[in-house]
Amino acid sequence: MDISLKKHSETIFWFDLCPNDESDFISIYLVIDEKIALIETGPACSHSNLVKGIESAGLTLSDIDYIIPTHIHLDHFGGGGHIMESCENAKALVHPKAYKHVSEIDAWWEGSRDFLGRVAELYGKPKPITQSRLISAEDGYELSLGKQSIKALHTPGHAPHHITWIYGNEAFVGDSAGLWYPDLDKSFPVTPGYYRHDLALQSIEKMESINLDFLLYTHFGPRSAKNTLSQTAKEFELWMDIVKEGVARNLTSTQILDVLFQQRPGLLESNKNHGVHQSGTHLGTVEGMMGWIRRENEKR
Ligand SMILES: [Zn+2]
(Lines give C-alpha, C1' and ligand atoms only; values in the text may rest on other atoms or scores of the structure.)
Protein backbone atom coordinates (compact mmCIF):
# COMPACT_ATOMS: atom_id res chain seq x y z
CA MET A 1 0.00 0.00 0.00
CA ASP A 2 1.46 3.34 -1.09
CA ILE A 3 0.79 6.28 1.17
CA SER A 4 1.03 9.70 -0.42
CA LEU A 5 1.58 12.58 1.96
CA LYS A 6 -0.33 15.78 1.24
CA LYS A 7 0.68 19.22 2.43
CA HIS A 8 -2.14 21.34 3.83
CA SER A 9 -0.09 24.23 5.27
CA GLU A 10 3.45 25.00 6.43
CA THR A 11 2.93 22.84 9.49
CA ILE A 12 0.01 20.53 8.69
CA PHE A 13 0.33 17.39 6.55
CA TRP A 14 -2.12 14.56 6.00
CA PHE A 15 -2.64 11.22 4.33
CA ASP A 16 -5.31 8.67 3.49
CA LEU A 17 -4.93 5.81 5.98
CA CYS A 18 -6.76 3.22 3.84
CA PRO A 19 -7.77 0.78 6.61
CA ASN A 20 -8.34 -2.67 5.08
CA ASP A 21 -7.73 -0.96 1.69
CA GLU A 22 -10.73 1.36 2.03
CA SER A 23 -9.69 4.72 0.59
CA ASP A 24 -11.30 8.16 1.17
CA PHE A 25 -12.50 7.10 4.62
CA ILE A 26 -9.93 8.11 7.27
CA SER A 27 -7.57 11.10 7.10
CA ILE A 28 -4.64 11.18 9.49
CA TYR A 29 -2.99 14.54 10.18
CA LEU A 30 0.55 15.38 11.26
CA VAL A 31 1.40 18.74 12.82
CA ILE A 32 5.10 19.35 12.28
CA ASP A 33 5.88 22.38 14.42
CA GLU A 34 8.76 22.51 16.96
CA LYS A 35 6.91 19.62 18.55
CA ILE A 36 5.36 16.91 16.44
CA ALA A 37 1.79 15.77 16.90
CA LEU A 38 -0.18 12.99 15.29
CA ILE A 39 -3.90 13.78 15.09
CA GLU A 40 -6.00 10.57 15.13
CA THR A 41 -4.44 7.12 14.75
CA GLY A 42 -7.19 5.22 12.97
CA PRO A 43 -8.08 1.67 13.99
CA ALA A 44 -5.72 -1.09 15.15
CA CYS A 45 -5.94 -2.92 11.80
CA SER A 46 -4.20 -0.11 9.89
CA HIS A 47 -1.16 0.15 12.18
CA SER A 48 1.35 -0.60 9.40
CA ASN A 49 -0.19 2.03 7.08
CA LEU A 50 -0.05 4.53 9.94
CA VAL A 51 3.66 3.85 10.40
CA LYS A 52 4.22 4.26 6.64
CA GLY A 53 2.34 7.56 6.67
CA ILE A 54 4.44 8.94 9.55
CA GLU A 55 7.63 7.82 7.80
CA SER A 56 6.50 9.36 4.50
CA ALA A 57 6.79 12.74 6.24
CA GLY A 58 10.48 12.05 6.87
CA LEU A 59 9.87 11.33 10.52
CA THR A 60 10.83 8.40 12.69
CA LEU A 61 8.40 7.04 15.24
CA SER A 62 10.49 8.34 18.13
CA ASP A 63 10.04 11.90 16.76
CA ILE A 64 6.35 11.93 17.69
CA ASP A 65 5.78 13.99 20.86
CA TYR A 66 1.98 13.90 21.11
CA ILE A 67 -0.79 11.65 19.89
CA ILE A 68 -4.06 13.54 19.85
CA PRO A 69 -7.35 11.78 19.06
CA THR A 70 -10.61 13.70 18.71
CA HIS A 71 -12.39 10.84 20.49
CA ILE A 72 -11.81 7.18 21.18
CA HIS A 73 -14.18 5.46 18.76
CA LEU A 74 -12.30 2.59 17.11
CA ASP A 75 -11.97 4.29 13.71
CA HIS A 76 -10.26 7.26 15.41
CA PHE A 77 -8.16 5.82 18.22
CA GLY A 78 -8.54 2.02 18.18
CA GLY A 79 -4.91 1.89 17.07
CA GLY A 80 -3.80 4.31 19.81
CA GLY A 81 -2.20 1.70 22.08
CA HIS A 82 -0.43 0.04 19.15
CA ILE A 83 1.19 3.24 17.90
CA MET A 84 2.02 4.37 21.47
CA GLU A 85 4.10 1.20 21.85
CA SER A 86 6.14 2.17 18.78
CA CYS A 87 6.34 5.91 19.50
CA GLU A 88 8.20 5.59 22.77
CA ASN A 89 8.49 9.34 23.41
CA ALA A 90 4.86 10.19 22.81
CA LYS A 91 2.13 11.09 25.25
CA ALA A 92 -1.54 10.85 24.34
CA LEU A 93 -4.05 13.64 25.03
CA VAL A 94 -7.52 12.34 25.80
CA HIS A 95 -10.79 13.65 27.21
CA PRO A 96 -11.14 13.13 30.99
CA LYS A 97 -14.13 10.84 30.25
CA ALA A 98 -12.00 8.65 27.95
CA TYR A 99 -8.97 8.46 30.26
CA LYS A 100 -10.04 5.34 32.15
CA HIS A 101 -11.28 3.49 29.02
CA VAL A 102 -7.98 3.72 27.16
CA SER A 103 -6.01 2.46 30.15
CA GLU A 104 -8.48 -0.35 30.98
CA ILE A 105 -9.84 -1.35 27.62
CA ASP A 106 -12.39 -4.05 28.50
CA ALA A 107 -15.49 -1.84 28.70
CA TRP A 108 -14.35 0.16 25.67
CA TRP A 109 -13.88 -2.98 23.56
CA GLU A 110 -17.11 -4.63 24.74
CA GLY A 111 -19.13 -1.47 24.08
CA SER A 112 -17.59 -1.16 20.60
CA ARG A 113 -18.39 -4.77 19.79
CA ASP A 114 -21.98 -4.36 20.99
CA PHE A 115 -22.53 -1.37 18.74
CA LEU A 116 -20.37 -2.19 15.71
CA GLY A 117 -20.60 -5.98 15.67
CA ARG A 118 -18.52 -7.46 12.86
CA VAL A 119 -17.04 -4.07 11.96
CA ALA A 120 -15.39 -3.87 15.42
CA GLU A 121 -13.53 -7.10 14.60
CA LEU A 122 -12.47 -5.60 11.24
CA TYR A 123 -11.10 -2.55 13.04
CA GLY A 124 -9.24 -4.75 15.51
CA LYS A 125 -8.93 -4.79 19.29
CA PRO A 126 -7.24 -1.82 21.00
CA LYS A 127 -4.28 -2.18 23.36
CA PRO A 128 -4.30 -0.46 26.77
CA ILE A 129 -2.15 2.63 27.35
CA THR A 130 -0.47 3.07 30.73
CA GLN A 131 -1.80 6.08 32.65
CA SER A 132 1.65 7.65 33.01
CA ARG A 133 1.59 8.28 29.25
CA LEU A 134 -1.85 9.90 29.21
CA ILE A 135 -2.70 13.57 29.59
CA SER A 136 -6.27 14.37 30.54
CA ALA A 137 -7.42 17.34 28.45
CA GLU A 138 -10.07 19.47 30.15
CA ASP A 139 -12.10 21.94 28.09
CA GLY A 140 -9.75 24.83 27.22
CA TYR A 141 -6.60 22.77 27.84
CA GLU A 142 -3.78 24.29 25.79
CA LEU A 143 -0.46 22.83 24.73
CA SER A 144 2.28 24.74 22.92
CA LEU A 145 3.62 22.97 19.86
CA GLY A 146 6.12 25.76 19.06
CA LYS A 147 4.88 28.47 16.71
CA GLN A 148 1.33 27.81 17.75
CA SER A 149 -0.48 25.94 20.44
CA ILE A 150 -3.21 23.36 20.13
CA LYS A 151 -6.29 23.86 22.26
CA ALA A 152 -9.03 21.48 23.39
CA LEU A 153 -12.60 22.50 22.71
CA HIS A 154 -14.97 19.97 24.21
CA THR A 155 -17.61 19.22 21.58
CA PRO A 156 -19.99 16.57 22.96
CA GLY A 157 -22.99 15.29 20.99
CA HIS A 158 -21.54 12.60 18.74
CA ALA A 159 -19.83 11.27 21.86
CA PRO A 160 -19.64 12.66 25.41
CA HIS A 161 -15.84 12.48 25.19
CA HIS A 162 -15.43 14.31 21.88
CA ILE A 163 -12.81 17.05 21.54
CA THR A 164 -12.33 19.42 18.60
CA TRP A 165 -8.71 20.50 18.53
CA ILE A 166 -8.02 24.10 17.50
CA TYR A 167 -4.61 24.90 16.04
CA GLY A 168 -4.35 28.51 14.81
CA ASN A 169 -7.34 29.00 12.47
CA GLU A 170 -7.73 25.31 11.79
CA ALA A 171 -9.95 22.83 13.60
CA PHE A 172 -9.50 19.08 13.74
CA VAL A 173 -13.21 18.35 13.94
CA GLY A 174 -13.33 14.55 14.21
CA ASP A 175 -17.01 13.59 13.93
CA SER A 176 -18.46 16.75 15.54
CA ALA A 177 -19.36 18.36 12.18
CA GLY A 178 -20.70 15.23 10.52
CA LEU A 179 -19.10 13.44 7.59
CA TRP A 180 -17.85 15.44 4.66
CA TYR A 181 -17.88 14.06 1.11
CA PRO A 182 -15.48 16.22 -0.93
CA ASP A 183 -16.66 14.81 -4.26
CA LEU A 184 -20.25 15.77 -3.42
CA ASP A 185 -19.27 18.91 -1.47
CA LYS A 186 -21.86 17.91 1.13
CA SER A 187 -21.78 16.99 4.78
CA PHE A 188 -24.24 14.73 6.55
CA PRO A 189 -24.67 14.04 10.26
CA VAL A 190 -23.14 10.95 11.85
CA THR A 191 -24.20 9.53 15.19
CA PRO A 192 -23.44 6.38 17.15
CA GLY A 193 -26.16 4.58 19.15
CA TYR A 194 -26.14 7.08 21.98
CA TYR A 195 -26.48 10.55 20.52
CA ARG A 196 -27.25 13.93 22.11
CA HIS A 197 -28.77 16.15 19.43
CA ASP A 198 -28.98 19.20 21.70
CA LEU A 199 -25.28 19.00 22.57
CA ALA A 200 -24.27 18.30 18.95
CA LEU A 201 -25.93 21.55 17.84
CA GLN A 202 -24.38 23.49 20.75
CA SER A 203 -20.98 22.10 19.78
CA ILE A 204 -21.37 23.21 16.16
CA GLU A 205 -22.39 26.66 17.45
CA LYS A 206 -19.28 26.77 19.66
CA MET A 207 -17.07 25.99 16.67
CA GLU A 208 -18.90 28.60 14.60
CA SER A 209 -18.05 31.29 17.16
CA ILE A 210 -14.34 30.76 16.47
CA ASN A 211 -12.68 32.36 13.47
CA LEU A 212 -11.71 29.30 11.42
CA ASP A 213 -10.22 28.96 7.95
CA PHE A 214 -10.39 25.20 7.64
CA LEU A 215 -12.20 22.25 9.14
CA LEU A 216 -9.88 19.25 9.04
CA TYR A 217 -12.26 16.30 8.87
CA THR A 218 -11.30 12.76 9.75
CA HIS A 219 -13.96 11.61 7.26
CA PHE A 220 -12.63 13.07 4.99
CA GLY A 221 -9.91 15.69 4.39
CA PRO A 222 -9.56 19.49 4.79
CA ARG A 223 -12.53 21.68 3.95
CA SER A 224 -12.85 25.47 3.79
CA ALA A 225 -14.72 26.67 6.88
CA LYS A 226 -16.52 29.44 5.00
CA ASN A 227 -20.32 29.07 5.55
CA THR A 228 -19.72 25.43 6.36
CA LEU A 229 -20.84 25.14 9.96
CA SER A 230 -24.16 26.94 9.60
CA GLN A 231 -25.02 24.65 6.68
CA THR A 232 -23.94 21.65 8.71
CA ALA A 233 -26.19 22.65 11.62
CA LYS A 234 -29.10 23.06 9.19
CA GLU A 235 -28.49 19.60 7.76
CA PHE A 236 -28.52 18.10 11.28
CA GLU A 237 -31.84 19.86 12.00
CA LEU A 238 -33.38 18.82 8.70
CA TRP A 239 -32.48 15.20 9.38
CA MET A 240 -33.93 15.38 12.88
CA ASP A 241 -37.19 16.83 11.50
CA ILE A 242 -37.46 14.00 8.97
CA VAL A 243 -36.63 11.34 11.57
CA LYS A 244 -39.17 12.83 14.01
CA GLU A 245 -41.86 12.76 11.36
CA GLY A 246 -40.96 9.14 10.56
CA VAL A 247 -41.18 8.16 14.23
CA ALA A 248 -44.58 9.86 14.49
CA ARG A 249 -45.74 7.81 11.48
CA ASN A 250 -44.33 4.60 13.04
CA LEU A 251 -41.83 4.06 10.23
CA THR A 252 -38.84 1.75 10.72
CA SER A 253 -35.28 3.10 10.57
CA THR A 254 -34.87 1.66 7.05
CA GLN A 255 -38.07 3.37 5.89
CA ILE A 256 -36.93 6.66 7.40
CA LEU A 257 -33.57 6.32 5.67
CA ASP A 258 -35.44 5.83 2.37
CA VAL A 259 -37.26 9.13 2.97
CA LEU A 260 -33.88 10.79 3.60
CA PHE A 261 -32.49 9.27 0.38
CA GLN A 262 -35.37 10.90 -1.50
CA GLN A 263 -35.12 14.25 0.22
CA ARG A 264 -31.38 14.85 0.70
CA PRO A 265 -29.51 15.17 -2.62
CA GLY A 266 -26.27 13.19 -2.72
CA LEU A 267 -27.08 11.01 0.29
CA LEU A 268 -27.93 7.88 -1.67
CA GLU A 269 -24.78 8.29 -3.76
CA SER A 270 -22.62 8.67 -0.63
CA ASN A 271 -24.23 5.51 0.76
CA LYS A 272 -23.50 3.54 -2.41
CA ASN A 273 -19.86 4.61 -2.25
CA HIS A 274 -19.45 3.47 1.35
CA GLY A 275 -17.10 0.54 1.77
CA VAL A 276 -17.19 -2.30 4.24
CA HIS A 277 -16.63 -0.23 7.43
CA GLN A 278 -19.24 2.40 6.61
CA SER A 279 -21.97 0.32 5.00
CA GLY A 280 -24.34 0.79 7.96
CA THR A 281 -23.33 4.36 8.78
CA HIS A 282 -26.36 6.35 7.58
CA LEU A 283 -28.79 3.77 8.96
CA GLY A 284 -26.89 3.93 12.28
CA THR A 285 -27.32 7.73 12.29
CA VAL A 286 -31.08 7.40 11.77
CA GLU A 287 -31.19 4.93 14.68
CA GLY A 288 -29.05 7.22 16.86
CA MET A 289 -31.51 10.05 16.19
CA MET A 290 -34.50 7.76 16.86
CA GLY A 291 -32.91 6.86 20.22
CA TRP A 292 -32.60 10.53 21.11
CA ILE A 293 -36.26 11.18 20.18
CA ARG A 294 -37.37 8.18 22.25
CA ARG A 295 -35.47 9.41 25.31
CA GLU A 296 -36.87 12.94 24.88
CA ASN A 297 -40.42 11.55 24.62
CA GLU A 298 -39.93 9.47 27.79
CA LYS A 299 -39.02 12.64 29.70
CA ARG A 300 -42.46 14.11 29.00
ZN1 LIG B 1 -15.56 8.38 12.91
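Helices here are DSSP runs of H or I with at least four residues, numbered from the N terminus. The model is a predicted one.

Begin with the whole chain. The protein has 11 helices and 15 strands, and its C-alpha atoms fill a box of roughly 55 × 40 × 40 Å along the principal axes. A compact globule of 300 residues would have a radius of gyration near 19 Å, and the protein agrees with this at 18 Å. Buried residues make up 47% of the 300 residues. Of the contacts with a separation of 6 or more, 68% join residues 24 or more positions apart.

Next, select helix α1, residues 47-56, and colour its buried residues: H47, N49, L50, G53 and I54. These residues lie on the same side of α1, because they cover an arc of only 160 degrees around the axis. An α-helix has 3.6 residues a turn, so residues three or four places apart point the same way. Now display what covers the buried residues of α1, which includes β2 (12-16), β3 (27-32), β4 (36-39) and α3 (80-86). Just after α1, centre the view on G58, which takes a positive phi of about 80 degrees.

Finally, move to N169, in the loop between β10 (163-167) and β11 (170-174). Is N169 buried or partly exposed? N169 is partly exposed, since 13 other C-beta atoms lie within 10 Å. Leaving aside neighbours within four places in sequence, N169 is in contact with N211, L212 and D213. A C-alpha to C-alpha distance drawn from N169 to I210 reads 8.3 Å, although the two are 41 residues apart in sequence.

Methods: Residues are numbered from 1 along each chain as its sequence is written. This is a predicted model: local features need pLDDT of at least 70, side-chain atom pairs count only at pLDDT 80 or more; totals for chains, interfaces and linings use all residues. A residue is buried if 20 or more other C-beta atoms lie within 10 Å of its own, exposed if 12 or fewer, and partly exposed in between; C-beta atoms are placed from the backbone. Helices (H or I, at least four residues) and strands (E, at least two) are DSSP runs, numbered from the N terminus. The arc is that of the directions from the helix axis to the C-beta atoms. Two residues are in contact if their C-beta atoms, placed from the backbone, lie within 7 Å. The radius of gyration is taken over C-alpha atoms; the globule rule is 2.2 Å times the number of residues to the power 0.38.
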